[in-house]
Amino acid sequence: RETQQRNQNNDTRDLFNALEAAARLFQRNLDGSEKAKAYLDGRGVDAAIRMQFMIGYAADGYSALKDALGTDERRMKLLDRAGLFSKNDRGHVYDKFRDRVMFPIHDRRGRVIAFGGRVLSAPADGRDAGPKYLNSPETALFHKGRELYGLWQARQANQKLERLIVVEGY
């Protein structure tokens, strides 16, 4: 019932579309980042796995996502409500995820509802890279306690899962 109500809501559909657009942008960014691809290669994450899990890369900088997708006030508000922006003390809006490998989190129907981002390494200029993993905040679509990363992909591979092994991290 809850899913049906969310699907009938135009605003919810717009949030799903904004998150999907961000996931596609992060995937395109990964294609252009040798650093991110080398990191994934070093962790044994090949191109097939990257595609299956829609793994991407959030470019370094404070406005790459905002510049690419926040083309008007309505889009900016959607991206903010989707948990993709942060604000500093002066109210300046900037990209939440920067210079991170991006792991889209899917709901049970395969729709992107949030992201987890892993820092590649400490910046060479000595800046603080922040936490190793940065996750989307709770939103209208994403409730951390109700989702399991990779469950949608596991069910695509085998509809009748008899056992799941849950591990830490992406």
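Both faces of strand 4 are covered in this predicted model. Arg100, Met102, Pro104 and His106 lie on one side and Val101, Phe103 and Ile105 on the other, and all are buried. Buried denotes under 20% relative accessible area, exposed over 50%, and partly exposed the range in between, with a 1.4 Å probe and protein chains only. In a regular strand the side chains alternate between the two faces of the sheet. Seven of the seven residues of strand 4 (residues 100-106) are buried, so this strand is largely enclosed by the rest of the structure. Strands (E, at least two residues) and helices (H or I, at least four) are DSSP runs, numbered from the N terminus.

The model is predicted: local features need pLDDT of at least 70 and side-chain atom pairs pLDDT 80 or more, while totals for chains, interfaces and linings use all residues. Residues are numbered from 1 along each chain as its sequence is written, and side-chain values use heavy atoms, without hydrogens and water.

Strands of a sheet pair through backbone hydrogen bonds, either parallel or antiparallel.

The pairings can be followed across the sheet. Strand 1 (residues 56-58) meets strand 4 in the antiparallel sense over three bridges. Here Ala58 stands opposite Arg100. Strand 4 then pairs with strand 5 (residues 112-119), antiparallel, over seven bridges. Val101 has Arg118 of strand 5 as its bridge partner. His106 stands opposite Val112. Strand 5 is mostly covered, with eight of its eight residues buried. Strand 5 and strand 6 pair in the antiparallel sense over three bridges. Arg118 has Tyr133 of strand 6 as its bridge partner, and Gly116 stands opposite Asn135.

Contact is defined as heavy atoms within 4.5 Å. Axes are lines fitted to C-alpha atoms, for helices over the stretch in contact, and angles between N-to-C directions run from 0 to 180 degrees. At 1.5 Å a residue, the 22 residues of helix 2 should span 32 Å, and the end C-alpha atoms are 32 Å apart, which agrees. The expected span is 1.5 Å times one less than the number of residues. Buried residues of helix 2 include Leu15, Phe16, Leu19, Ala22, Phe26 and Leu30.

Helix 2 also packs against helix 6, at an angle of about 85° and with the axes 9 Å apart. That makes the two helices roughly perpendicular. This class covers 65 to 115 degrees; angles under 35 count as roughly parallel, over 145 as roughly antiparallel and the rest as oblique. Asp11, Asp14, Leu15, Ala18 and Ala21 in helix 2 meet Arg74, Arg75, Leu78, Leu79 and Arg81 in helix 6.

The largest nonpolar core has 30 residues. A nonpolar core is a set of buried Ala, Val, Leu, Ile, Met, Phe, Trp, Tyr and Cys residues joined through side-chain atoms within 4.5 Å. Leu65, Leu84 and Phe115 have the most contacts inside this largest core. Helix 2, helix 5 (64-69), helix 6 (73-81), strand 4 and strand 5 each supply at least two of its residues. The largest share, nine residues, comes from helix 2. A second, separate core of 11 residues includes Ala36, Tyr39, Tyr57 and Phe103.

Two non-glycine loop residues have positive phi. Met54, in the loop between helix 4 (47-52) and strand 1, has phi near 55°. At 15% relative accessibility, Met54 counts as buried. Asp99 lies in the loop between strand 3 (93-95) and strand 4, with phi near 50°. Asp99 also counts as buried, at 13% relative accessibility. Gly44, between helix 3 (34-42) and helix 4, counts as exposed at 53%.

Key. Two strands pair if DSSP finds at least two bridges between them.
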